[in-house]
Amino acid sequence: MVGSLLSWFAAQARDLPWRRTHDPYAIWVSEVMLQQTQVTTVIPYWERWMREWPDVRALAEAPLDRVLKLWEGLGYYRRARNLHGAAGRLVREREGRFPRSFEDILALPGVGRYTAGAICSLAFNHPTPVVDGNVTRVLARVLGLRQNVQRPATQRRLWTVAGELVEAARDWRSPGSWGGATGWRRRRVKERPCGALNEALMELGAVVCVPQNPRCELCPLRKACVAHRLGLSRRLPVKGRSARTSERREYVFVCERQGRWLVRQRPAGVVNEHLWEFPGLAQDGHASPLAAAQALLGTGIREVRPWMTVRQSITRHRYVLAVCRVQLGRGERGTASGGRWLSRAACEERAFSAGHRKILQRLGEGGAG
């Protein structure tokens, strides 16, 4: 099984930029970005990030606002804050040197068992297993697991099997010649077989053993796969019910004065902390947009006009933003919301959440008139 996976990876692995390096910092950044994000989305972000901050010290010295700006569009901004915080910690405690041990990497902010195992195996060829959604799906099908893969006992079994495979990869010896294996792929398998084994499992789940309509005819493990043999590939893995989503409705107010727009920065300790937004509040308890605007911005308001509706999702919450144009009375500053008046160019330099970024883009299209 190990040989089949490594030979397949050496011949078929996608050419991703972070696969051409053994730098633990670069691998760390890629693994964090890839959490809950598609590979095609991550590539330009990773390349831009590595150009601007090529090492731990450069990232630690960067302003957090700039880090969040470059992360803008990837979502789950806590990942970016953890990267920045961990870089500062590495500079303070290790003079910017990236740790080599699993325990020290696991101790970094935002790093869990999966990420630590990926870094150790990919950068240092340590036999540390990884189990993410893709690996779970591959192993559940190969083993024919009919238990809920989200249960702790099933997770323990998956981690055990993944550990056995990566241990076997450490002692694996490459064949004299591989059909179709050339260049960096072959070097990666020969130099980092533990990392390549983990990548092979993840790659297999991403491009062949996919959730719907798995491409079993292309799978190097099909002869050993219980689900394929029993015709269960479309039914496995078994999962529990997903958490229910909730809908939240908010008013958002767009105020303009002499070419500047009223915006505010979200405080620490809340969802999307430190990101910028147009002022707004929940619709609950406010009978109309005017009443909500007066509660937030003061009573000196001449007009509140509905403008557009924006939808965004944050974790399991679905937000519906009722965006209104607000015309303040003469002399009204509208700063009761704790906001600042910024030019559009100044707004563009700051990181906005996805929904409020859509509003900002409409301002640039001239649609806010």
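User: In this model, is Glu52 buried, partly exposed or exposed?

Analyst: The model is predicted. Residues count as buried under 20% relative accessible area and as exposed over 50%, with partly exposed in between. Glu52 has 32% relative accessibility, so it is partly exposed.

User: With which side chain does Glu52 meet in a salt bridge?

Analyst: Side chains of opposite charge can pair when their charged atoms come close. The partner of Glu52 is Arg66, at 2.9 Å from N to O. This pair links distant parts of the chain, with Glu52 in helix H3 (residues 39–52) and Arg66 in helix H5 (residues 64–71), 14 residues apart. Arg66 is partly exposed, at 35% relative accessible area.

User: Are Arg188 and Glu199, which meet in a salt bridge, buried or exposed?

Analyst: Both are buried. Their N to O distance is 2.7 Å. The two residues, 11 apart, join helix H11 (residues 183–191) to helix H12 (residues 193–207).

User: Which residues are linked with Arg188 and Glu199 in a network of salt bridges?

Analyst: Arg14, Arg19 and Glu203 are linked with them. The count of salt bridges comes to 19.

User: Which residues of helix H14 are buried, and where do they lie around the axis?

Analyst: In H14 (residues 289–297), the buried residues are Ala292, Ala293, Leu296 and Leu297. They cover an arc of only 105° around the axis, so they lie on the same side of H14.

User: What do the buried residues of H14 pack against?

Analyst: They pack against strands S1 (246–257), S2 (260–265), S4 (280–282), S5 (301–314) and S6 (317–328). Gly298 follows H14, with a positive phi near 110°.

Note on methods
Residues numbered from 1 in each chain as written. Predicted model: local features only at pLDDT ≥ 70, side-chain atom pairs only at ≥ 80, totals over all residues. Heavy atoms only, no water. Buried < 20%, exposed > 50% of the residue type's maximum accessible area, 1.4 Å probe, protein only. Helix = DSSP H or I, 4+ residues; strand = E, 2+ residues; numbered from the N terminus. Arc of directions from axis to C-beta. Contact = heavy atoms within 4.5 Å. Salt bridge = Lys/Arg side-chain N within 4 Å of Asp/Glu carboxyl O.
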